[in-house]
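Please read the points below with the sequence and the model side by side.

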Amino acid sequence: MPGGREVRASRFLRTTGQHASIEPDAFTAGSYVLSIGGAEQSHVNLLQPEEIFYEYLRRIGHLVDLAAPPGVPVSALHLGAGALTLARYIQATRPGSVQYAVELERELLDFVLRELPLPEGTDLQTIIGDARESLVRIDPEVRFDVVILDIFSGPDAPAHLTTGAFYREVRERLNPAGLLIVNVGDEPGLTLVRSQVSAMRQAMADVAAVAETGMFEGRYPGNIILAGTLTPWPPEWTTELTARGPHPAKVLAGVDLDPFAG
């Protein structure tokens with residue numbers, strides 16, 4: 001019973017050789033935690049999918065909120081599926097959205113969809129495979145309002161997904177007002193964050209970083225969310241994201257982000 005919870009179901013993942021488990025969240029009715037290799041990976045609230053538990057995912061959700069007027073459907077691409085927390089969030093807040101999810105682990109996606117069904121009416125196409133290779137498998141006419149990359153962390157980041165060339169390939173799949181959101185889990189010193197700011201700036205017109213204020217000091221591990229736009233970063237987004245939190249929140253863009261473009 002990882003974390004002291006009663007395991008609802010488990011599944012062996014052949015690609016990584018790890019076990020995935022889904023356990024009830026004892027503190028929130030209708031919620032479940034997906035763990036992989038004993039480490040918590042995703043949290044899903046089936047009763048209120050618009051409620052996001054993990055702090056970094058809430059910041060991503062706030063960025064998605066700004067990608068189009070409230071309630072307006074969007075086209076979204078998720079590179080890294082997990083428990084499909086953000087796909088559920090988009091369906092709950094923007095019914096009618098068209099979504100794609102790419103996941104390397106076939107068993108994981110099957111497991112999640114069986115144990116934690118998507119909200120009724122969700123339009124989601126799933127693709128099994130590498131995130132970069134799968135881009136060419138999607139109809140080339142399809143363009144996205146939002147692309148969310150949530151795959152890598154620290155030194156384990158796949159090299160082919162951390163380059164300016166990859167981000168240029170993603171850029172070609174965005175609508176003119178499209179938004180690229182990248183979750184970067186990093187160690188103290190923020191080496192990966194710095195490399196990804198630089199790589200994204202090679203592809204996008206503008207890049208901003210969103211995180212808990214202390215993360216920018218580079219003293220401890222955690223998550224920084226990078227957001228790339230095809231137009232100049234709207235200053236009102238900085239104000240909005242800072243106000244929405246989770247608090248304390250900080251947004252760096254333009255010259256304020258230059259120190260992190262290593």
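1. The model is a predicted one. Its open sheet is formed by 4 strands in the order β1-β2-β3-β4, with antiparallel pairing. The edge strands, each pairing on one side only, are β1 (9–13) and β4 (39–45). On average, neighbouring strands of this sheet are turned by 20° against each other, direction ignored.

2. The pairing of β1 with strand β2 (residues 18–24) is antiparallel and runs over 5 bridges. Across β1 and β2, Arg 11 stands opposite Ala 20, the latter in β2.

3. A helix accompanies these strands. Helix α3 (residues 106–115) lies across β1, β2 and β3 (31–36), and its direction is at about 165° to β1.

4. Aromatic pairs number 5 in the structure. One of them joins Phe 53 and Tyr 54: the ring centres are 5.8 Å apart and the planes stand at 55°, so the pair is tilted. Phe 53 is partly exposed, at a relative accessible area of 48%, whereas Tyr 54 is buried, at 14%.

5. The rings of Tyr 100 and Phe 144 also pair, with centres 5.5 Å apart. Their planes stand at 85°, so this pair is edge-to-face, the cut-off being over 60 degrees. The pair links distant parts of the chain, since Tyr 100 belongs to strand β6 (residues 98–103) and Phe 144 to strand β8 (residues 144–149), 44 residues apart.

6. Are Tyr 100 and Phe 144 buried or exposed? Tyr 100 is buried, with a relative accessible area of 9%. Phe 144 also counts as buried, at 0% relative accessibility.

Notes: Residues numbered from 1 in each chain as written. Predicted model: local features only at pLDDT ≥ 70, side-chain atom pairs only at ≥ 80, totals over all residues. Heavy atoms only, no water. Pairing = 2+ DSSP bridges. Helix = DSSP H or I, 4+ residues; strand = E, 2+ residues; numbered from the N terminus. Axes fitted to C-alpha atoms, helices over the stretch in contact; angles between N-to-C directions. Contact = heavy atoms within 4.5 Å. Phe/Tyr/Trp six-rings, centres within 6.5 Å; stacked < 30°, edge-to-face > 60°. Buried < 20%, exposed > 50% of the residue type's maximum accessible area, 1.4 Å probe, protein only.
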